[in-house]
Amino acid sequence: MGRYLRPTSLAEALAAMSAAPRVPLAGGTDHYPARVGVSPDEDLLDLTAIPGLRGIAEDDTGWRFGAATTWTDVIEARLPPLFDGLKAAAREVGGMQIQNAGTLGGNLCNASPAADGTPNWIALDAEVELASAAGARTLPVSAFVLGNRRTDRRPDELLTAIRVRRPHGPARGTFLKLGARRYLVISIAMVAAVATFDATGRVAEARIAVGACSPVPMRLDALEARLAGKRPDPALVEPTDLAPLAPIDDVRGTAAYRRDAALTLVRRALAGLAA
């Protein structure tokens with residue numbers, strides 16, 4: 001059994017991270033299930049007693065989601081339609097017990113290709129805040145998540161928050177997920193989309209990210225560019241728009257099925273944005 005530390009300040013936590021390798025832990029909803037039947041020997045850093053790591057704050061520039069904010073916190077928060085996709089994803093993360101304990105930061109740092117939160121953060125053009133005893137830095141979520149279980153977090157760093165900038169106009173988000181059943185399911189394919197609209201109701205900017213069809217969620221740049229100046233219309237989606245994806249065959253579905261499912265989900269997402 002490894003050592004256990006529960007700091008009560010961020011400075012104490014960062015000092016501990018710089019002194020020796022430790023596994024940061026908040027909800028633990030992925031950490032412990034992966035170690036069933038194994039005696040854990042790593043040193044744990046429990047982040048749950050640090051003030052300021054949990055909660056959602058808003059200012060003139062946008063929103064800051066503390067890394068220890070839970071999915072239930074997101075579900076219950078009063079957030080504008082920009083975050084409708086993130087809220088929908090929050091309701092899909094495991095069951096209620098997982099939503100009560102699992103954290104936004106943990107979901108990102110776990111870096112599963114099928115994580116429901118990641119495509120939404122990418123569609124929101126979100127950034128992560130990373131802190132260490134040596135200083136702090138920010139990084140787009142799209143650059144933070146590098147692949148299956150891989151991120152750009154250094155061993156001495158903690159992810160402290162996720163930031164979303166305020167859009168230049170009315171904006172709406174949506175999220176759709178396909179699984180083998182309705183609840184407690186790992187995604188076969190999923191789509192997060194965010195659109196900012198001009199005064200005429202046409203798309204000023206769109207960001208569409210497809211998850212569970214590549215090692216990291218992929219933006220559909222060609223489709224996003226084609227949507228500019230138009231109203232969201234499923235007919236605008238072409239199969240070639242999914243070229244950036246790299247789906248695999250596994251027990252949940254074939255690569256061909258995933259690609260077809262993603263195409264349908266993208267079209268439904270645009271219909272949802274147009275509603």
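These legends accompany close-up views of a predicted model.

**View 1. The largest nonpolar core gathers 39 residues.** Those with the most contacts inside this core are Phe65, Phe83, Leu108, Trp121, Val128 and Ile162. Tryptophan 121 touches Phe65, Leu108 and Ile162, among others. Its other contacts include Leu86, Leu104, Ala126, Val141 and Val164. Residues up to four places away in sequence are not counted here. A second core of 25 residues is separate. Ala193, Val203, Leu227 and Leu236 are among its members. In soluble globular proteins, nonpolar side chains tend to be buried together.

**View 2. Strands E6 and E7 form a hairpin.** E6 covers residues 127-132, and E7 covers residues 135-140. Two residues lie between the strands. The pairing is antiparallel and runs over six bridges. Look for valine 128 in this view: leucine 139 in E7 stands opposite. Val128 is also listed among the residues with the most contacts inside the largest nonpolar core.

**View 3. Five strands make an open antiparallel sheet.** The order across the sheet is E4-E5-E10-E6-E7. E4 (56-58) and E7 are the edge strands. Each has a single partner strand, so one side of each is left without a neighbour in the sheet. From one strand to the next, the twist averages 25°. In a regular strand the side chains alternate between the two faces of the sheet.

**View 4. E6 pairs with E10, and helix H1 packs on the sheet.** E10 spans residues 158-165. Five bridges join E10 to E6, in the antiparallel sense. Glutamate 129 has alanine 161 in E10 as its bridge partner. Helix H1 (residues 10-19) touches both E6 and E10. The direction of H1 makes about 125° with that of E10.

**View 5. Four strands make another open antiparallel sheet.** The order is E11-E12-E13-E14. E11 and E14 are at the edges, and each pairs on one side only. E12 and E13 run antiparallel and are joined by eight bridges. Methionine 190 stands opposite glycine 211 in E13. Helix H9 (residues 255-274) packs on this sheet and touches E11, E12 and E13. The direction of H9 makes about 30° with that of E12.

**View 6. The structure holds one cavity of 30 Å³ or more.** The volume of the largest cavity is about 40 Å³. Helix H3 (84-90), helix H6 (117-123), strand E11 (171-178) and strand E12 (189-197) each give two or more residues to the lining. E12 gives the most, with three residues. The lining includes Ala192, Ala193 and Val194. Gly85, Leu86, Asn120 and Ala123 are also among the lining residues, as are Gly173 and Thr174. Leu82 and Leu124 line the cavity too. Rolling a probe the size of a water molecule over the atoms shows where empty space is left.

**View 7. The largest pocket holds about 1200 Å³ of space.** Its lining counts 43 residues. Asp30, Gly106, Asn107, Asn110 and Arg149 lie nearest the centre. Strand E2 (23-25), helix H5 (104-110), strand E9 (150-151) and E10 each supply at least two lining residues. H5 gives the most, with five. Arginine 149 sits in the loop between strand E8 (145-147) and E9. Its phi is near 65°, a positive value in a residue other than glycine.

**View 8. Threonine 118 is a buried residue of helix H6.** Its relative accessible area is 2%. That value is under the 20% cut-off, so threonine 118 counts as buried. Threonine 118 touches Asn107, Leu108, Val141, Val145 and Pro217, leaving aside residues up to four places away in sequence. Asn107 is one of the residues nearest the centre of the largest pocket.

**View 9. Alanine 212 has a positive phi although it is not a glycine.** The angle is about 65°. Alanine 212 lies in the loop between strand E13 (203-211) and strand E14 (218-219). Its relative accessible area is 13%, under the 20% cut-off, so alanine 212 is buried.

Terms used. Residues are numbered from 1 along each chain as its sequence is written. This is a predicted model: local features need pLDDT of at least 70, side-chain atom pairs count only at pLDDT 80 or more; totals for chains, interfaces and linings use all residues. Side-chain values use heavy atoms; hydrogens and water are left out. A nonpolar core is a set of buried Ala, Val, Leu, Ile, Met, Phe, Trp, Tyr and Cys residues joined through side-chain atoms within 4.5 Å. Buried means under 20% relative accessible area, exposed over 50%, partly exposed in between (1.4 Å probe, protein chains only). Contact means heavy atoms within 4.5 Å. Two strands pair if DSSP finds at least two bridges between them. Axes are lines fitted to C-alpha atoms, for helices over the stretch in contact, and angles run from 0 to 180 degrees between N-to-C directions. On a 1 Å grid over the protein atoms alone, a cavity is a set of points where a 1.4 Å probe fits but cannot get out, and a pocket is an open set with protein on both sides within 12 Å along at least five of seven lines; lining residues have an atom within 4 Å of a point. Grid points are joined across faces, edges and corners, and a volume is the space filled by probe spheres set on the points.
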